[in-house]
Amino acid sequence: MVKNDTDSDTNTNQKPIVNHSTFKEVIDAAKKSNDFKEIRKNISTSMVFISYFNTLIDRDIMQKVLLPYIADYEPRQNEVLDLHTFQKDLPLEDVVKTSDIKEIEDKIYKGYVLIKLENASDECLLINVSNSSTGMRQFNETENEFSVTGPKIGFVENLDMNISLLRKKLKSPLLVTEELVIGTLSKTRVMMVYLDGITNEEHIKTVRKRLSNIDFDIVWDVSALDQIISDNSNTPFPLYLTSERIDRISYTVSNGQVAIFSDGSPYAISGPCTLLDFFISPEDYYYNWIIGSLFRLIRILGIFFSIFTSSIYVAVVTYHYEMIPGDLLGPLIKTRANVPFPPLIEVIFLEITIELLREAGARLPSKIGQTLGIVGGIVIGQAAVAASLTSNILLIIVALSALASFTTPIITMSNSIRLLRFPFIIMSALFGGLGIILGITILLCHLFNLKSFGTPYMVPLYPFRIKNFNDSFLRLSYKKINKRSDFLHPKLKMKYSPKEREKRKEDINDE
Amino acid sequence: MKVNVEKHFQVSAFFTFFLIHSSQTGVGILNFQNQVIKGAEQDAWISLIITGVITHIILYIIFKLLDEENNDLVAVHHYCFGKTMGNILSVLAMIYFWLASLTVLRAYIEVIQIWVYPTIKTWQLCIVFGLTFYYLIKSGFRTLSGFSFWGVVLPSFLFFLIYFPMKHTNYIYLLPAFSHSLSELFISSKAFSLLFLGFEWIVIYYPFIRRNPNSKNISKWAYFGNLYTIIVYLIVTLISFLYFNQEVLQQLPWATLMMVKIVHFSFLERFEYAFIFIWLLVVISPICISLWACTRIIKRTFSIPPKASLKMLLLAEMIAAISLQEFKSIDHLINLTSKVGIGFVYLYLPLLLIIKLIKNNFIKNRLNKI
Amino acid sequence: MTNKKFAQRIGCVALSLFLSGCIPKSIIDEVSLMHYIGFDREKKMLKASVVYPNYATEGNSTLLTAEAKNPSSLQNELGHKSQFEYEVGQLRVMIFGDKLSRYGLADVLDTICKDPKIGVIRIVISDGSPDLILRKTLNKSPLYLKNLIDKSIEDEGIPDINLHVMYDQYFGSGIDMSFPNLKVDSKGDIKIDGMGIFKGDKLKFKISDKEAFLLKLMMDRNKNGVYSFNLDKNEHKGNIGVRILYGKHKVKVIKEGNQEKAKMDLTLNIKLEGLPKGVKLEKERDLILFKKALQKSISTEAESLLKDFQANGVDPVGLGRIYKVNRSNYSEQNFYKMIYRNMKFDVNTKIIVRQTGVGNIES
């Protein structure tokens, strides 16, 4: 548990950055910015102030709806303008009448138009003419979690769009969204989404509590929330699933998890989840269950391959030459003979080269990135072998293990797996095979201790639930995976009940 | 004196199986053969069954000893002997638990030193193991039972290795069968009992097992655990008896590992190295659960926080392990532990049950009189 | 836990790991891996010849020899002569020279039994010094000798002998050691030539290839090999080689009067490859005739081999062990002194002709 330490004392003494208490102060603060516009109109007897940030509003609505509507009032000199009637006839949906200074301030920074009558009470009208799509990407194809078959729609940076995309998949009245505003500077809208009556109350409560406890300035991305609400911050493992795919998130929500969206982030996080959730790709469900299970097993095998091969190479080559089969001895020694470094340096050198390639590839525009992969992979690899900086068997091992780490569908998990290689390599260089098994022990212990929203992370491996194997290691047929996972304690166990097709026991050529 | 353990620290009754089995299997299974053949020779497998059955009875006694009111050893001691005397006895039990942990640790270090790294110093391994085990035990009983589960499931694939020595077995090594007297069988039985020690830690972790409405469940899984141990040992004993003749077993101290030498894959030779490393997963349970039980006893008797006592116990264990340098002294340690263990499990626990029953009667009579 | 404390802990752990992680390394290209080692006795000293493959340069293997009074200092002596630390973990074959075999192997065998680094290696003996044989392997592929022996054991009628079997025979009572014998033939090739039979740790005598195969039939599960015999019945004459595919052996020691009798039943499945002219197996009579001749040949030769062993006082088949099975008052000394000497042998062979090839046999 996180203990209160001395650092937090200074935090509690801090005053909120913005502390305007009167209407004038608010307006004066806003006027410091040049994009704040104030229009004065003389309607009937009173002066009307119309103020807004012209960068935040939708000009179309402003010019075609709001301004003509106000202009309508101008001829009616005899009537006394009051906000109530003004609001009643306004052909816009989100209109708030308030005198709360805090709310006024919040809303004008979100793109509301403020309408205030001079000499009238503190009450003013806030009309939502904000343009949520200005500057937003409209193109919503998945970019990172790619799939060959199945839909390719992903989330975008617009929260409302994301929720509407989700609702298109889950058109159920059970789908509930709860909105919170997080971030002292960013005031980001964050939404938690769950299925009412299916998701366990405990999880909803935990998520709500964790989210509302957040004190943070700018929510850059939903992944920042992920880190802040995480159960254990000293872990390389992601504790919540991050996905940009609609099918993925709607699947987790339908299973009884809680998803969190944040405005401005094309990703959603979903929890509580388990280690094995990260190796599920939506594509598994689009293939026949046999193929799907095979791919899933290959992916899980890929993790082991990725974590352990280079460390096993170090251990065997440094300490356990006895274990090398006679026929392999020749090639191994021959390629290593001219390498001047011990195996540890050799492996670290190559691993870092691969990491550099990956990092450079991620930073560069995609077209150059491909070229870089070829240049880096072939040219550097070949040259390193030719210059006897590494042995070419190791080159194959490291390249393959890097390849294997990319099979993990969730990018955060694939990063952790790549990180895990390094402690294992160092342990194996220090203690050989014993180091690897010690590493496994410590890793297992760490995983056993991890919790995601209070539920154990290693389910179904520990606590052991054999029933959950049919949709974790394997992907059995839809008939078999009609139950929600136990560890989520869903209130409704069954997802659907498949009807038994009429089946006759057939003998050979039985007519 | 009932101990109440919060539900999220408890494990389900199903894990009793793995807890019992994994605490029994330690380093002993790697080299027990040349000890157990001393009395009954090729008939030693009969002794194994005898010891297994006796262990079953002891398990039954343990479940009689623990009840709803007194659900761990400390509580039973308090009930039978009062506070002071009970605490002294609990501490004595703790010393035995600590000794058991030390024995397994030192024996595993010995295996590594003999087989893998002949020049590695004991203190080097002690530091590494000390840090690892501190982390494991610190994580609590739930994590340890996770290890007892995976420490059984993961290494169970090693069973497939039987295929390799099977090709070189000769049944006549087991003949003539049934040719030893009862007293000879008992000598072997005594040697086997060291292999079965470890299940008695249930007297400490019993409250950590979630009770179902029918409390038979725990004992059922415990009996199954012991049965599984018997089966595993029986298979290993029979295979090694069929693979080596008796004279070879007398000469080779590490028969199980010698047997693994024959394992040969096209991509991997000398499997015994991998075997020894994987064996770490097996020895974690006997080392850690016993140490955890020690911290538990200290917490229950003196209310010292487990983290502090764990550090002291581990440090003491490491120092003791380092100070055992001569190879003979390890034999002495194993002998000592087996004697103390046999005394504790096969003599003291039944005695304790008798005392408890007498006390029960005594209280009942007094109540009746009033 | 604050970050600082966490960092401190991580630092402590890392430091202690690095402190304790100073294990002597044996990096594969920086150790001298030997595949073969030969021991012999020369001038009352133990002499070892070691072959290192040169994987790094792909050149010929190197032969090193050293002499010392005991096996342990021999390792040291060898170490003095090699560039890198010398390691026995990849040892494949151990060869004992003739002189040492006759003098006694106990010293060397006891040492290798105690070295856990040595795997399940092949053990052979040689005519003359192992040097001669090892020198012949230098320009061959590094695993040449190992493959040669493995293959001979697999399907050329040499009994399966390795470290495990050696333990079994060396420590076990009621059986004697036997090792395949290597020699360099007149053309300069390495060749497996029969077996050497030991009594205790000393070489007693050697048997031929054919006898080695008969020994294999009586003790191994794998009975693959070619047996050649002279068919000399009526008009059918000629030397025939039959390949034995698989089979079973069953040995019993029974009491007949006041004499013990070793009864051996061999059931062999054979494949015929070539027959002398005139023998037509389609004919029932010819088949029976052929089978009888073969059965008789194997039985008599096996019996005479057993008698040979008896005369030399050795027991590589392990009759003592079989005798022991149903007698609890067995003593090894007593058995070989009193019983084995007067034992009678009875070998029964049953032949099953499984295959005759795909060609037309009549032609």
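User: Into which domains is chain A divided?
Analyst: This is a predicted model. Chain A has a three-part assignment: domain 1 (22-128), domain 2 (159-273) and domain 3 (287-456).

User: What distance separates the centres of domain 2 and domain 3 of chain A?
Analyst: The centres are taken over C-alpha atoms. The two domains also touch, with 17 residues of domain 2 of chain A in contact with 13 residues of domain 3 of chain A. The separation of the centres is 33 Å.

User: Which elements of chain A each supply at least two residues of the side of domain 2 that touches domain 3?
Analyst: That side of domain 2 of chain A divides into nine nonpolar, seven polar and one charged residue. One helix and one strand each supply at least two of its residues: α7 (201-212) and β8 (241-243) of chain A.

User: How many charged residues are on the side of domain 1 of chain C that touches domain 2 of chain C?
Analyst: Chain C is assigned domain 1 (22-207) and domain 2 (217-363). Their centres lie 32 Å apart, over C-alpha atoms, and 16 residues of domain 1 of chain C contact 18 residues of domain 2 of chain C. On the domain 1 side, α6 (144-155), β9 (190-199) and β10 (202-207) of chain C each supply at least two residues. By class, that side has four nonpolar residues, five polar and, for the charged count, seven.

User: Which element gives the largest share of the side of chain B that touches chain A?
Analyst: The contact takes 22 residues from chain B and 18 from chain A. Helices α7 (122-138), α8 (141-153) and α15 (271-302) of chain B give two or more residues each. By class, the chain B side has 15 nonpolar, five polar and two charged residues. The largest share, seven residues, comes from α15(B).

User: Which element gives the most to the side of chain B that touches chain C?
Analyst: Here 22 residues of chain B meet 20 residues of chain C. Elements α6 (83-116), α7 and α13 (246-251) of chain B give two or more residues each. The chain B side has 12 nonpolar, six polar and four charged residues. With four residues, the top contributor is α7(B).

User: Where does helix α3 of chain A bend?
Analyst: Helix α3 (residues 59-73) of chain A has 15 residues. From first C-alpha to last, α3 of chain A reaches 20 Å, close to the 21 Å expected at 1.5 Å a residue. A proline, P68(A), follows the bend within four residues. The bend is about 30°, and its place is L67(A).

User: Why do the buried residues of α6(A) lie on the same side of the helix?
Analyst: The buried residues of helix α6 (residues 159-169) of chain A are L159(A), N162(A) and L166(A). They lie on the same side of α6(A) because the arc they cover around the axis is only 60°.

User: Which exposed residues sit on the face of α6(A) turned away from its buried side?
Analyst: The buried residues of α6(A) pack against β7 (188-195), α9 (246-255) and β9 (258-262) of chain A. The face turned away from that buried side carries S164(A) and K168(A).

User: Is I280(A) buried or exposed?
Analyst: I280(A) sits in the loop between β10 (268-271) and α10 (283-286) of chain A. The cut-off for burial is 20 or more other C-beta atoms within 10 Å. I280(A) has 22 C-beta neighbours inside 10 Å, so I280(A) counts as buried.

User: How far apart in space are I280(A) and I378(A), C-alpha to C-alpha?
Analyst: In sequence, I280(A) and I378(A) are 98 residues apart. In space, their C-alpha separation is 31 Å.

User: What type of peptide bond joins L175(B) and P176(B)?
Analyst: P176(B) lies in the loop between α9 (163-166) and α10 (182-196) of chain B. Omega is about -5° for the bond from L175(B) to P176(B), and the bond is cis.

User: Which residue forms a cis peptide bond with P460(A)?
Analyst: P460(A) is found in the segment after β12 (455-456) of chain A. Omega is about 0°, and the partner is V459(A).

User: Is R270(B) buried or exposed?
Analyst: R270(B) lies in the loop between α14 (255-260) and α15 of chain B. Its phi is positive, about 50°, although R270(B) is not a glycine. With 25 other C-beta atoms within 10 Å, R270(B) is buried.

Definitions and conventions: Residues numbered from 1 in each chain as written. Chains lettered and ligands numbered in written order. Predicted model: local features only at pLDDT ≥ 70, side-chain atom pairs only at ≥ 80, totals over all residues. Domains from an automatic or database assignment. Contact = placed C-beta atoms within 7 Å. Nonpolar A, V, L, I, M, F, W, Y, C, P; charged D, E, K, R; others polar. Expected span 1.5 Å × (residues − 1). Bend = angle between axes of the 7 residues up to and from the residue. Buried ≥ 20, exposed ≤ 12 C-beta atoms within 10 Å, placed from the backbone. Arc of directions from axis to C-beta.
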